[in-house]
Amino acid sequence: MAYSEKVIDHYENPRNVGSFDKNDPTIATGMVGAPACGDVMKLQLKISESGIIEDAKFKTYGCGSAIASSSLVTEWVKGKSIEEAQKLSNTEIAEELALPPVKIHCSILAEDAIKAAIEDYKSKK
Amino acid sequence: MKLPIYLDYAATTPVDPRVAEEMMKCLTMDGTFGNPASRSHRYGWQAEELIDIARNNIAELVNADPREIVFTSGATESNNLAIKGAAHFYSKKGKHIITAKTEHKAVLDTCRELERQGFEVTYLDVMPNGLVDLNVLEAAMRDDTVLVSIMHVNNEIGVIQDIAKIGELCRARKIVFHVDAAQSAGKTLIDLSELKVDLMSFSAHKIYGPKGIGALYVSRKPRIRLEAQMHGGGHERGFRSGTLPVHQIVGMGDAFRIAKEDMEKDTKHIEALRARLWEGVKHIEETYINGDMEHRVPGIFNVSFNFVEGESLIMALKDMAVSSGSACTSASLEPSYVLRALGLTDELAHSSIRFSIGRFTTEEEIDHVIGQVNNSIDKLREMSPLWEMFKDGIDLSTIEWEAH
């Protein structure tokens with residue numbers, strides 16, 4: 001299958017790969033997906049006291065589109081408030097990366113990862 | 001070195017230049033273009049002679065009688081003709097068929113169709129090494145079993161089933177035994193004068209012949225009967241009507257002749273390259289070969305690199321043409337049914353790559369492949385949350401994943 005240039009760019013030069021200490025109270029972690037489905041995404045957000053996402057990191061097990069979706073999301077959420085981040089939708093991700101229909105689930109997973117991280121942040125408070 | 005490096009010989013092979021040359025002599029006005037069924041002129045006679053030579057070459061590779069070779073459009077059609085043809089012909093005797101879960105789709109889907117027509121099919125589990133357990137097979141045989149279909153060499157993992165023993169079990173019960181030999185002809189010895197095989201499917205394009213041509217071996221002693229699936233002019237003794245494609249058949253015949261002559265050389269060459277490839281990647285942690293280590297052909301080499309997803313690995317291995325056991329490219333998100341049948345975990349099944357090596361693979365290519373595999377695994381594991389958890393000592397099977 002042919003990938004779009006943006007997917008290839010994120011895949012070859014992934015932004016913000018890595019991990020924060022998940023026990024740090026300012027770090028929110030969202031892990032979604034399952035090995036059975038061939039995708040697992042871990043998204044971590046560093047959130048300031050005023051609720052601004054200062055930094056983001058990811059690790060993804062999955063196809064090129066899954067890696068690109070998570071990489072893109074880490075770029076997009078930086079500097080946003082939690083409320084703004086929560087509004088990011090999978091369609092924006094899929095559009096930006098020009099994902100074909102069979103890869104839409106990758107963008108949904110990335111959206112779920114943001115939501116899961118924000119849930120984690122709220123539960124930590 | 002031509003990029004990407006072709007390592008997908010189990011999918012198809014390039015036509016050997018020696019074969020292509022012979023094929024080109026059968027197309028134009030200057031060549032042998034005639035219809036081999038034309039009995040009234042030299043064009044037909046010459047074409048018929050080439051068909052006879054090709055049929056002999058094919059029969060010789062597998063030690064059969066040329067009259068036992070029926071030309072088809074490929075192994076898929078051969079499998080259809082063998083399974084449907086035998087099941088229908090012998091349906092008065094019984095309507096039970098046995099096959100294995102790791103068979104090619106051309107066998108499995110044909111069996112599914114027969115189920116829709118009222119047959120009952122048993123799909124055998126295989127052992128973790130990919131081989132059929134003969135005791136399990138024997139236990140599945142019933143009085144109304146009319147057909148057993150088991151492949152010789154598996155297309156994904158390269159294991160060789162013990163068709164000699166399976167043949168004995170079938171013959172003792174007068175059950176028709178069909179073998180899909182698309183991946184084994186020319187790669188491992190087949191002696192049909194010894195084997196108790198009744199029907200065997202062959203393909204040309206897996207051994208440096210052209211696509212679109214194959215054959216079915218139909219045993220004469222004992223005589224196996226089939227119901228034709230293609231009706232018409234009664235070609236191929238009524239088993240398969242349709243004008244014989246002379247250039248295709250000449251190509252297949254020549255490919256089989258060369259396969260017989262070069263089998264030893266090819267096998268040595270491929271075995272050495274496979275060993276070299278494994279030497280270069282086996283130090284990578286959490287790397288596993290899929291399928292039995294002893295009973296296998298050297299050309300098909302299926303490896304799981306744990307915690308790295310197959311499709312992203314293929315994307316990283318951009319200098320080579322390989323295939324993945326992970327079917328993530330289809331909408332199903334299902335990993336390979338063959339690897340699942342071996343009992344592999346989800347992660348391992350999603351993490352597999354099939355390297356298939358052939359006649360034209362070189363050492364230089366394998367060395368380049370080794371370098372890129374090592375770099376890609378490092379890069380992707382650095383990105384893999386599963387690898388991180390594994391390194392932290394977390395047992396992934398204890399985690400409750402949210403399936404989506």
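**Exercise 1.** Which residues of H11(B) are buried?

*Solution.* The model is predicted; local features need pLDDT of at least 70, side-chain atom pairs count only at pLDDT 80 or more, and totals for chains, interfaces and linings use all residues. Residues are numbered from 1 along each chain as its sequence is written, while chains are lettered from A and ligands numbered from 1 in the order in which they are written.

Step 1: apply the cut-offs (buried: 20 or more other C-beta atoms within 10 Å of the residue's own; exposed: 12 or fewer; partly exposed in between; C-beta atoms are placed from the backbone). Buried in H11(B) are Glu365(B), Ile366(B), Val369(B), Val373(B), Ile377(B), Leu380(B), Arg381(B) and Met383(B).

Step 2: find their side. They lie on the same side of H11(B) because they cover an arc of only 130 degrees around the axis, taken from the directions from the helix axis to the C-beta atoms.

Step 3: turn to the other face. Away from the buried side, H11(B) carries the exposed Glu364(B), Gly371(B), Asn375(B) and Asp378(B).

**Exercise 2.** What should the 21 residues of helix H11 of chain B span?

*Solution.* Step 1: the expected span is 1.5 Å times one less than the number of residues, so residues 363-383 should span 30 Å.

Step 2: compare. The end C-alpha atoms are 31 Å apart, which agrees.

**Exercise 3.** Which elements make up chain A, in order from the N terminus?

*Solution.* Step 1: count helices (DSSP runs of H or I, at least four residues) and strands (runs of E, at least two), numbered from the N terminus. Chain A has five helices and three strands.

Step 2: read the order, α-β-β-β-α-α-α-α.
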